[in-house]
Amino acid sequence: MSNLFEFFSLSGHTRDPYSYAPHIVVNYFKHFSLSLVSRINIQNDQNHFVIFLYDNEIGFKFNHFSIVSHLATFLSFFFFFFLTKSKIEMLSVTPPLETPNFNLILRETEFPICKFQFCRYSLRFQKDPSILTSSSYQITSEVSEASLKSFIAACQDRPYFLSVDNIFEFQLLCTEFETSILFASMENFFKENEDALLLPRLLFCIEHNTDFSSLIDKIASNIDNFIDNEKLLEIPEEILCQILSSKTRNSSNEHKIFEFCKNYAIRNKKETTSLLSFINFGALSINEIRELSESKFMPNTISTPHIMPFVLSLLQRIEDQNQTIQNFRTISDNLKGTIQQGIIDVQNSVRQVEDKNKAEIESILQINTSYDKINSLFDGMKREFNDTQTRFGQTSSVLNSLKSDYEIMTNEIQKIHAFRNPLQGIFFNYRKNHQNENPATSGFVKILTPMEPNHRFKETNLLEYDQPLLDASYYLNQNLVEEQNKNWIDFDFGDKQVSLFAFGIRTNSLGETMAHPRDFEVLGSNDRENWTPLLKVENAIELSGARKTGSYACPEKSPLFRYIRYLQKDTHYMYKDRFGIISLSAIEFFGDVLPETHHTISL
């Protein structure tokens, strides 16, 4: 009797360990061989109807209240033992005490429990008899020992504590052991602490790779409540970008958002962060905008919905300043007219006095007195005019600063356009304004090559940006086995000159390994003898393959040049004659064309 094992399940909502559901009996007989059973004990007293099957030392106990619902099960027992002619004995068995007799193992640490009490809560244990016949169970959930101890206390009818720190691990354990009874208390905790749990819940979902999309908008709509929370700095950058770019984001203090983005970059030892792309620049101060534009924090790209209102605001400020300057000029002109009229009046008075009587000293003194008054008035007007000129100079300085900021923003917007649209620059706009005519065949530009290419892969194909001609490609092989700076394409703009700030390129469509450019330079010249480097690209991995596009910005906007040269140094695939092969489907330049009869991009 020392190994007697009592097997039970929950029935309805009762927690009586001696009440059993029929499916548990069925599961038991699926798990144990019927041939192993040699003895059955049936005992009926005032409290319980007891059936014990021995040999495997297994016992079942039923309440009188559930005996009717399990009558079919009892009859099946008797029918089985009648067929097998098993011996029936009357025995009295004492129910087991609620003492630890089972171990839950977390990693390598054992936690003793009373499995009979635990089964009252765990549907997982009730459905799987193989667990109960063993002496231990290995926990698969990644939780802390403190959370496990709290969970065990809840399943052993002892007091337990739920907090922001353990609620999610508690939920993992409830899911693993299928303890539906405990879910109600967790749901109440979630409702009472919804706002406080948003950030911990997001971090938990990220760590366990579960869906967190519903949390993004909730955090974004209350971002001011979380911006000072240290846990916000632990969230990955791409998820913070989703929060800051959410349409529900409602911040009354964009300055704190700006400071948070800077601190995030510093904490992660980065020069800048993409979070700054989603700042509302219109809500920042002039000093903050200047700090951002003049520092390493300036992001490479800026979200259009946030920058365009700021640009419009900047343009409005410039317009207001121009109006102020115009008003100052009007005042200045009026002062000049007043001064000139005063001088004329004085001169007329002097002439009148001289004509009347030069001997009349008194009249002369009166005239001198009037003259002194006029001089005093003149000096006052002169001082006011000087003050006006000083204010005008200050206004001009502010205007120049605003113009400089506007030029910086314009250059950044143009570069963003080039990176997003590698084939929409000078040649694209020429075609748009000239009925889609190829610039190389119309005389706008002349393309020069070291040798005449095959007519199927002619150089004019480089300026065809629409299918099917976009895939026609240019191809020339000079059969060079070493790099000699002879693998080039020149663009002659004739009587025009270009100033470049970016360059776009598209690989050929002839094959994935067909001499796609790896290292190349862009140079400018006015005599085709002396060349100035404008752009240098090495290991352009993004161009390794067919029909790949890339945009590359010059370190600074170039001077004006008549000739632009594309010089290819090496390819991604190590063909022996690769130093003489150029095979591209398109080339584009971004910048200004002088004289101003051709336009670049428009935003």
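**Notes on the predicted model**

1. A word on confidence to begin: the chain of this predicted model averages a pLDDT (the predictor's confidence in each residue, from 0 to 100) of 77, and 79% of the residues score at least 70. Over residues 83–97, however, the pLDDT is below 50, although this stretch has 29 contacts (heavy atoms within 4.5 Å) beyond near neighbours in sequence. Residues 597–603 also stay under 50, with 21 contacts beyond four places in sequence. Where pLDDT is low, the predicted coordinates should not be read in detail.

2. On conventions, residues are numbered from 1 along each chain as its sequence is written, and side-chain values use heavy atoms, without hydrogens and water. Local features need pLDDT of at least 70 and side-chain atom pairs 80 or more, while totals for chains, interfaces and linings use all residues.

3. For the overall picture, the chain has 18 helices and 17 strands (DSSP runs numbered from the N terminus: helices are H or I, at least four residues; strands are E, at least two). Of contacts between residues at least 6 apart in sequence, 70% join residues at least 24 apart.

4. Carbon and sulfur atoms hold 51% of the accessible surface (Shrake-Rupley method, 1.4 Å probe), which comes to about 32,300 Å².

5. Do have a look at helix 12 (residues 237–244), where six of the eight residues are buried: Glu237, Ile239, Leu240, Cys241, Ile243 and Leu244. Their cover includes helix 9 (194–207), helix 10 (213–221), helix 11 (223–226) and helix 13 (254–267).

Note on methods:
Buried < 20%, exposed > 50% of the residue type's maximum accessible area, 1.4 Å probe, protein only.
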